[in-house]
Amino acid sequence: MTQFSLDDSSVFVVIGSGAGGGVLGNELAQKGHKVVCLEAGRRLEMSDIVNDEAEMFGKLTWLDRRMATGKPDPNFPVWGCKTVGGTTMHWTGACPRFEPHEMRARTTYGALPDTTLVDWPVTPEEIAPWYDKAEVRMGVTGRQGMPFLPPGNNFKVLEAGARKCGYTDIDTHNMAINSIERDDRPSCHQLGFCTSGCAVGAKWSTLYTEIPKAEETGRFELRPECMVTGIELGPDGRVSGVTYLHQGKRVTQKARAVAVAGNVVETTRLLLNNSSDRHPQGLANSSGLVGRNYMRHFTIQVMGVMPGKVHFHRQTHLAGVVRDERGHRPERGFAGGFLISTVPFTPEILAKNMIIGGWGRDLTEVLDKYDQLAGMLLTGEDPPQLSNRITLHPTERDGYGLPVPVIHYEDHPNTIAMKEYAWKAGRRIYEALGAENVIEMGDYIPATHNMGTARMGDDPRASVCTPFGRTHDVANLYIADGSLFPTAGGCNPTLTIVALALRQAQHIDREVAAGRL
Amino acid sequence: MTFTLTRRAVVGKMALAAMLPAIAASPLSAIAATSTPKPTPEEPATAALLHTAFPHARLDAAFYSGAAGRYLAEIAKDPAAMAEHRRGLALLDGSYIAPFAQLPEMVRRSMVARYDQEPFFKALIWRGAELIYRDAAVWKMVGYEGSSVEYGGYIERGFDDIDWLPAAGGAK
Ligand SMILES: Cc1cc2nc3c(=O)[nH]c(=O)nc-3n(C[C@H](O)[C@H](O)[C@H](O)COP(=O)(O)OP(=O)(O)OC[C@H]3O[C@@H](n4cnc5c(N)ncnc54)[C@H](O)[C@@H]3O)c2cc1C
Ligand code: SF4
């Protein structure tokens, strides 16, 4: 295995090995650059992945202390992973693209009060070829010649109900899950445990795709269980290296440039916690925007007790999509739109989710008909608000001795209006098939999509990063995760994170060639 | 019949990431492995509470007693939790003519409704949901089939076997 010296200042350091970091690190290595990837979590073997949600939750999930005020759970506001592969271990693999109108959010939606809506500094035309590359890379179904996944029960119910409601843009979705054997990985066996890590490796996770491929180049060193705490600057104002904690020891690695892909909360914490005379508000924060405009998409569910058996646990979690409500149609009473897809629950998670609302027969009548349940997940656009922000707690410290991140989040009235509409739309779908009972479930899932806290833009006073994700303030410091998103769009973020990381790798490569990095 | 169930927040913030498998909960297997605890004075009322909160016609009294026993054995290690639980049982037992466990179901339901915001009850139903719905017998009863990787997944075992949908809505 390749090992780089701590004094080697020609290496690129990538912080995080998830969607953003895993792809950027691999792409840089493929292009001939030396990369050290620092990852806070452990490296699991395929044999560590079992079909047990509770066990995998313990193995994968980021459980270091976090706090929240406002709407989220005060102790568990964000659901992500701390392991090699990052949250591509938990993720369900849906890979929609941003719609062009969503990338022109300010132009499309107008001035929505109390938001900082902007148009993306990257145009839809500019990102399109990067989406193509990302889809090929991840083997996204229904794209670039990859067949769709086969329709299963939960999806068939959604589709049948949706068609009765007049929806037409429906299929098994664009998924980073192999529909055919490809890339030395099998096709999906319909295990039904996608959020517990895919035990057969059909779902794209950087743990067994990007990381080993990068290692094969001989120019990539992954260092697991290395929690980065410091980013050091040289006298020229450029990053000179990073400091991390490994088995209780403090280690410093020199670097030519650094990219942070810690998934928004950790990226923000790292920047804010590295203030200095030159960067009194935190690293790269002359705009004061680091941590602000935090966005997360609402995630609500509707369940139907259907007239026949469904067995919704028997397939991919996210098994298909209805896209008809994605568009911007202000006559519905809100800006932007949402996607409708499927979701299953184990009996335990279903029960826990339902006891938020009540106990007794209301609950057990639904559980008694577990095999007749169909479930859908509705996720929609979340406009950026300055007041939704991540800060550092002044006194509370986590197990590393680092300030605990505090997330403040409240729904915008636009989000509340969209949710109300979405619940009704979801209910209609199951009622159209004669559901015995329809249950609307609230926005209780901790955030799975995190965006916005180091937005890209052309103006250094109104954004943290350039349109290539380099911080305006520090010439060799990059961000490579959802923090870059100026707006959230009405769809899952990861394909866009990957597309931007691939584009960033090309930019870095050119900067090196031009002698600027 | 349709109704909206869960936007009425009974348990509210205590939901603590309800969608997540198991925050701060020990795996059931670890508990099941310990020998069945001896019945304690709290068991009948605890079992009756679990039965009232999670009434399943297909589960018998012994099942609820077993779950109650495991719950009591767990909280026995935490004096504060046990004290709170006992305080709750005293509220239920003390406010009627007969002990809670001996009351008719309807009466039990109305009593629990009166106390369902109390910490003892929230703690019991949260852990109770795990004790009950992580049990293989309950999985079988409701038709959940659990780990599938050892059987090659559901691809050959009914992932798309639905047969009652209107023809137009089936697979494309
Ligand atoms: C249940 C679930 C389902 C999801 N489903 C979908 C979906 O269907 N489609 C979709 O597009 N998205 C989905 N997502 C979101 C998706 O997982 C994320 O968008 C994506 O993983 C983000 O990539 P990332 O690289 O920014 O962060 P991550 O993948 O989270 O990787 C960040 C990594 O950085 C490490 N790290 C953080 N801080 C440090 C530090 N200081 N030092 C060292 N290492 C550090 C972490 O341990 C982690 O491994 C889902 C998420 C969840 C939780
Ligand atoms: S359903 Fe498919 S993608 Fe999901 S865990 Fe199973 S094999 Fe992997």
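How many residues surround ligand 1, and which are the closest? In this predicted model, 37 residues surround ligand 1, and the closest are Gly20(A), Glu39(A), Thr87(A), Thr92(A) and Thr494(A).

**View 1. Polar contacts of ligand 1 with chain A.** A nitrogen atom of ligand 1 lies 2.9 Å from a backbone N or O atom of Ala40(A). At Thr83(A), a polar backbone atom is 3.1 Å from an oxygen atom of the ligand. Thr494(A) takes part through its side chain, where an N or O atom is 2.8 Å from a nitrogen atom of ligand 1. The protein buries 98% of the 990 Å² that ligand 1 exposes when taken alone.

**View 2. The shell around ligand 1.** Helix H1 (19-30), strand E6 (227-233) and helix H12 (494-513) of chain A are the elements that give two or more residues to this shell. By residue class, the shell divides into 15 nonpolar, 18 polar and four charged residues.

View 3. An unreviewed UniProt entry places the feature "domain: Glucose-methanol-choline oxidoreductase N-terminal" at residues 80-298 of chain A. The end C-alpha atoms of residues 80-298 of chain A lie 16 Å apart, and the span is 23% helix and 15% strand. The annotation "domain: Glucose-methanol-choline oxidoreductase C-terminal", also from an unreviewed UniProt entry, covers residues 384-501 of chain A. For residues 384-501 of chain A, the end C-alpha atoms are 22 Å apart, with 23% of the span in helix and 20% in strand.

View 4. Ser341(A) sits in strand E12 (residues 338-342) of chain A. Its relative accessible area is 6%, so Ser341(A) counts as buried, the cut-off being under 20%. Neighbours within four places in sequence left aside, Ser341(A) is in contact with Leu158(A), Leu318(A), Gly320(A), Val321(A), Gly375(A), Met376(A) and Leu377(A). Cys165(A) is 176 residues from Ser341(A) along the chain, and their C-alpha atoms are separated by 15 Å.

**View 5. His173(A), with positive phi.** His173(A) is a residue other than glycine with a positive phi, near 75°. The loop that holds His173(A) runs between strand E4 (170-171) and helix H7 (210-216) of chain A. His173(A) is buried, because its relative accessible area is 2%.

**View 6. Ala284(A), with positive phi.** Phi of Ala284(A), likewise not a glycine, is positive and near 60°. Ala284(A) belongs to the loop between helix H8 (265-272) and strand E10 (298-305) of chain A. With 2% relative accessibility, Ala284(A) counts as buried.

Note on methods:
Residues are numbered from 1 along each chain as its sequence is written. Chains are lettered from A and ligands numbered from 1 in the order in which they are written. This is a predicted model: local features need pLDDT of at least 70, side-chain atom pairs count only at pLDDT 80 or more; totals for chains, interfaces and linings use all residues. Side-chain values use heavy atoms; hydrogens and water are left out. A residue is near a molecule or strand if one of its heavy atoms lies within 4 Å of it. A polar contact is a pair of N or O atoms within 3.5 Å; within protein, one must be able to donate a hydrogen and the other to accept it, and residues adjacent in sequence count only if both atoms are side-chain atoms. Accessible areas come from the Shrake-Rupley method with a 1.4 Å probe; for residues, only the protein chains shown count as cover. Helices (H or I, at least four residues) and strands (E, at least two) are DSSP runs, numbered from the N terminus. Ala, Val, Leu, Ile, Met, Phe, Trp, Tyr, Cys and Pro count as nonpolar, Asp, Glu, Lys and Arg as charged, and the others, Gly among them, as polar. UniProt positions are given in the numbering used here, feature names are shortened, and annotations may be inferred rather than shown by experiment. Buried means under 20% relative accessible area, exposed over 50%, partly exposed in between (1.4 Å probe, protein chains only). Contact means heavy atoms within 4.5 Å.
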